[in-house]
Amino acid sequence: MVTQITSFGRSGLYDWMMQRVSAVVLSLYTVFIIGYLLLNPDLTYDQWSGLFEATWMRIFSLMVLLSIGIHSWIGLWSISTDYIKATGLRFFFQSLCGLTMFVYVVWGVQVLWGL
């Protein structure tokens with residue numbers, strides 16, 4: 001039996017729900033960006049920059065960034081517990097994934113908010 005010490009949520013149902021909610025957020029963002037690009041065929045840098053200067057777009061992008069972290073963590077945790085049986089190797093893999101996601105989220109916040 002695999003211990004759930006590195007699981008994102010408290011239970012499998014909670015992880016499943018977070019995976020679905022994050023997928024919806026990612027889908028909405030994808031549809032929005034594709035729609036924006038299709039509706040603005042002659043998009044300039046100033047328009048694109050103006051879109052991402054809006055606070056609502058920064059918040060939406062931050063939600064997507066966090067959703068990517070949550071979604072990928074749950075997916076990689078599930079894969080690692082299914083296919084990596086050695087506890088030490090699994091812990092190393094999960095730690096590496098967690099560290100990578102943390103770095104990407106911090107980096108993304110710096111890019112979005114200019115901190």
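Helices here are DSSP runs of H or I with at least four residues, numbered from the N terminus.

I note that the model is predicted, with local features needing pLDDT of at least 70 and side-chain atom pairs pLDDT 80 or more, while totals for chains, interfaces and linings use all residues. Residues are numbered from 1 along each chain, and side-chain values use heavy atoms, without hydrogens and water.

I recorded an angle of about 150° for helix 1 and helix 2 (residues 45-53), with axes 12 Å apart; axes are lines fitted to C-alpha atoms over the stretch in contact, and angles run from 0 to 180 degrees between N-to-C directions. Helix 1 is therefore roughly antiparallel to helix 2 (over 145 degrees; under 35 is roughly parallel, 65 to 115 roughly perpendicular, the rest oblique).

I then took helix 1 and helix 3, whose axes come within 8 Å and cross at roughly 135°. The two are therefore oblique to each other, and their crossing is left-handed.

I checked confidence (pLDDT, from 0 to 100 for each residue): the mean for the protein chain is 90, and 90% of its residues reach 70 or more.

I listed the residues that line the largest pocket: Tyr 29, Phe 52, Arg 58, Ser 61, Leu 65, Gly 108, Val 111 and Leu 112. Lining residues have an atom within 4 Å of a point of the pocket, an open set on a 1 Å grid where a 1.4 Å probe fits, with protein on both sides within 12 Å along at least five of seven lines.

How values were computed. pLDDT is the predictor's confidence in each residue, from 0 to 100. A crossing is left-handed if the near helix is turned anticlockwise from the far one by less than a right angle, and right-handed if clockwise.
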